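Q: I'm new to this one, could you walk me through it?
A: Gladly, here it is.

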Amino acid sequence: MKKLNISELERQFQEKIDNDIKIEPRDWMPEEYRQTLIRQISQHAHSEIVGMLPEGNWITRAPNLRRKAVLLAKVQDEAGHGLYLYSAVETLGADREQTIDDLHTGKAKYSSIFNYPTSSWADMGTIGWLVDGAAIMNQVPICRCSYGPYARAMVRVCKEESFHQRQGFEIISLLAKGTPEQKAMAQDSLNRFWWPSLMMFGPNDAESKHTAQSMKWKIKRNTNDELRQLFIDVTVPQAELIGLTIPDKDLKFNTETGHYESGPIDWTEFWEVVKGNGPCNKERVDARRKAKEDGKWVRDAAMAHAEKRREALAL
């Protein structure tokens with residue numbers, strides 16, 4: 001069999017991507033493509049797991065049994081999403097425990113939005129409506145990602161996220177139509193989460209280090225700014241429908257382009273949060289580190305049991 005050189009392998013690899021043929025774990029791929037996916041998928045997995053924390057904060061304080069059951073189910077969904085994604089990153093040769101340790105040491109990042117506190121019940125609605133809504137904008141295109149395991153994992157994730165978004169919008173809608181105090185609580189939550197939600201899509205295209213290459217490899221199908229604009233265009237009318245005001249004095253609709261024009265984002269705040277200086281960065285990482293330490297005895301027992309079974313089968 002003729003041995004292909006690297007340039008020929010790269011040409012065939014890009015040709016498969018250009019023809020929308022999925023790259024599978026055993027296929028040849030450039031090392032940079034592999035590392036880009038490991039970084040993106042592991043950070044995505046970390047975001048799902050860390051994202052359980054601000055919502056878990058309200059499970060014991062949900063206003064009624066129905067809301068408690070729904071919130072429990074949502075937090076469980078997020079745990080499942082993390083497991084799907086950790087499994088996907090393992091197909092690239094990454095070690096799951098190492099990626100988790102990278103989160104605990106601060107080497108790996110997760111979505112900046114989860115470093116903000118949830119100070120009222122309305123935040124459970126706003127997170128579902130805005131945060132999960134933004135996640136859906138980001139994640140639906142990943143269902144067509146060039147890497148097969150990642151794309152397939154995202155199909156189920158997006159279906160479940162759509163329920164989370166609807167649940168959140170229901171909560172915030174009822175509050176907005178409730179008493180003056182309830183509407184004020186909903187508006188306050190929107191005020192606090194609007195700008196961090198826009199930051200979820202990442203830096204402006206001109207400042208993004210990874211967008212161009214990820215677009216060429218079809219890891220991403222849309223740029224950060226394209227997704228952010230779509231989110232604004234969809235979300236602003238929803239806020240108007242339920243009588244809430246977007247906290248952006250510069251927001252206006254451009255009749256010529258058919259899009260809303262938004263005010264400037266405070267990117268200094270975004271980068272400070274990414275660097276670990278957000279309101280809850282330390283709290284979130286400490287909680288995940290403690291969870292791993294507290295669960296060590298379970299993992300040790302499971303490994304001991306598995307070893308005994310292997311020994312028994314070998315007899």
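A: What follows goes through a helix contact, then aromatic rings, then charges over rings, all in a predicted model.

Q: At what angle do helix 4 and helix 5 pack?
A: Helix 4, residues 65–90, and helix 5, residues 96–105, pack at about 115 degrees, and their axes are 9 Å apart.

Q: And which residues meet there?
A: From helix 4 there are L83, Y86, S87 and E90, and they meet R96, T99 and I100 of helix 5. By type, the residues of this contact divide into three nonpolar, two polar and two charged.

Q: Switching topic, how many aromatic pairs are there?
A: The structure holds ten aromatic pairs.

Q: Where do F201 and F231 lie?
A: F201 lies in the loop between helix 8 and helix 9, whereas F231 belongs to helix 10, so the pair ties together parts that are 30 residues apart in sequence.

Q: Is F201 buried or exposed, and what about F231?
A: F201 is buried, at a relative accessible area of 3%, and F231 is buried too, at 1%.

Q: What kind of pair do F270 and W271 form?
A: Their pair is edge-to-face, with 4.9 Å centre to centre and 70 degrees between the planes. F270 counts as buried at 6% relative accessibility, while W271 counts as partly exposed at 34%.

Q: Which residue has its charged end over the ring of W58?
A: That is R61, whose charged end sits 3.9 Å from the ring centre of W58. R166 likewise lies over the face of F163, at 5.4 Å from the ring centre.

Methods: Residues numbered from 1 in each chain as written. Predicted model: local features only at pLDDT ≥ 70, side-chain atom pairs only at ≥ 80, totals over all residues. Heavy atoms only, no water. Axes fitted to C-alpha atoms, helices over the stretch in contact; angles between N-to-C directions. Helix = DSSP H or I, 4+ residues; strand = E, 2+ residues; numbered from the N terminus. Contact = heavy atoms within 4.5 Å. Nonpolar A, V, L, I, M, F, W, Y, C, P; charged D, E, K, R; others polar. Phe/Tyr/Trp six-rings, centres within 6.5 Å; stacked < 30°, edge-to-face > 60°. Buried < 20%, exposed > 50% of the residue type's maximum accessible area, 1.4 Å probe, protein only. Lys NZ or Arg CZ within 6 Å of the ring centre and 35° of its normal.
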